[in-house]
Amino acid sequence: MFKTFGSRSTTLLCKPMLVGKYSKLFRSFSTQTNNDFVSLKLEDKVGVLTINNPAKRNALSLQVLRSLIANLNQVKSSIEEGKDKINVLIIKSEGPVFCSGHDLKELKSFMGESSSSQNICDTKAIDDSQFKDGKSLRETFSLCEDFMLKVHNLPVPVITQVGGMATAAGCQLVAASDICIASENATFQTPGVKIGLFCSTPGVFLSRAIHPRKGFEMLVTGLPITANEALLHGLVNKVVKLENLEEETMKYAKHIASASGDTLRLGKRAFYKQIQNSTVDAMSYASNVMVDNLKLSDANEGISAFLEKRKPEWKS
């Protein structure tokens, strides 16, 4: 089966393979691009989205961003149309760097050599004509914004698996996800201030994932924090040994994925909606959600299974 995203085609490959001691269905959705830097696989009810460009420190180039968005669109479509039971998505990468943020060489090629003396605080709009390719610059940040919002708004929980450095937009990706599991050697950093490019967009999700004071400190100093520091400040949920990271993340994801998919989707949507409201409004909203939740067939099944002391059989 072939799907087209822009000028690229995506091939859906389905094949059984052995996972551990058991034979399980393992689906592979591989985005076929010129360099094949992004892949999406499904094991049981867990999707795994992998950035595989370690030579470029898994940077978010235009090509990689387009592939990531195409794959997320495919996941969302599969969930909404019921094509595949995906209850959790893991985002990970290959190599010692989780994600270094934007591809600076690519950004520099779009910028060219010209510069402006215009005051950034001027009320007039900044003229993009000084850039060699202002359109591509705008597209890069627009696509990155779209990608981060798609991660955050995906109907199912998203786990980032971090086994190394997560810098700038890479740190933003961690903050945009719902849960992060990191290895002991992982670090998190928003170093843009050091090169004259303040990490303004990473600061959006960072300031919402951890206390704003700590987030601002990371942004203005550009200094890294360790995995254990990130755990202390709430950017990371669990820290494990590097050699156990893959296994522990999948184990964690499968535990979540074993719940009812409908319940997980309802719960994620309700959590992020209520947190934006006052306590009184949030309680009123959440009470209505609880009643709506009871209308789901899986809620009826789960309560019946509990009372009958048996394992529930979810429909989603």
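Okay, Asn58: you'll find Asn58 in the loop between β5 (46-51) and α1 (62-81). Helices here are DSSP runs of H or I with at least four residues, strands are runs of E with at least two, and both are numbered from the N terminus. One housekeeping point: this is a predicted model, where local features need pLDDT of at least 70, side-chain atom pairs count only at pLDDT 80 or more, and totals for chains, interfaces and linings use all residues. Residues are numbered from 1 along each chain as its sequence is written, and side-chain values use heavy atoms, with hydrogens and water left out.

Back to Asn58. Its phi is positive, about 50°, although it is not a glycine. Most residues other than glycine have a negative phi. Asn58 also counts as buried, because its relative accessibility is 0%. Buried means under 20% relative accessible area, exposed means over 50%, and partly exposed is in between, with a 1.4 Å probe and protein chains only.

Ala168 is another one with a positive phi of about 50° without being a glycine. Ala168 sits in the loop between β9 (165-167) and α4, and at 16% relative accessibility it counts as buried.

So what about helix α4 itself, residues 169-176? Eight of its eight residues are buried, so α4 is largely enclosed by the rest of the structure. Among them are Cys171, Gln172 and Leu173. For the protein as a whole, 46% of the 316 residues count as buried, and the secondary structure comes to 11 helices and 13 strands.

Now the second largest pocket. Which elements line it? α3 (134-153), α4, β10 (179-183), α5 (200-209) and α9 (261-274) each supply at least two lining residues, and α9 gives the largest share, seven residues. On definitions: using a 1 Å grid over the protein atoms alone, a pocket is an open set of points where a 1.4 Å probe fits, with protein on both sides within 12 Å along at least five of seven lines, and lining residues have an atom within 4 Å of a point. The volume is about 770 Å³. There are 28 lining residues, with His152, Ser177, Asp178, Phe271 and Tyr272 nearest the centre. By type, the lining divides into 15 nonpolar, seven polar and six charged.

Staying with α9, look at how it packs on helix α10 (residues 279-294). Their axes, which are lines fitted to C-alpha atoms over the stretch in contact, come within 10 Å and cross at roughly 170°. That makes α9 roughly antiparallel to α10, the label for angles over 145 degrees. On the α9 side, the contact is made by Thr263, Leu266, Arg269, Ala270, Lys273 and Gln274, and on the α10 side by Ala282, Tyr285, Val289 and Asn293. Contact here means heavy atoms within 4.5 Å.

Last, two leucines. Leu242 lies in the loop between β13 (238-240) and α8 (245-257), and counts as partly exposed at 46% relative accessibility. What does Leu242 touch, leaving aside neighbours within four places in sequence? Gly163, Ser183 and Asn185.

Notes
Grid points are joined across faces, edges and corners, and a volume is the space filled by probe spheres set on the points. Ala, Val, Leu, Ile, Met, Phe, Trp, Tyr, Cys and Pro count as nonpolar, Asp, Glu, Lys and Arg as charged, and the others, Gly among them, as polar. Axes are lines fitted to C-alpha atoms, for helices over the stretch in contact, and angles run from 0 to 180 degrees between N-to-C directions. Angles under 35 degrees count as roughly parallel, over 145 as roughly antiparallel, 65 to 115 as roughly perpendicular and the rest as oblique.
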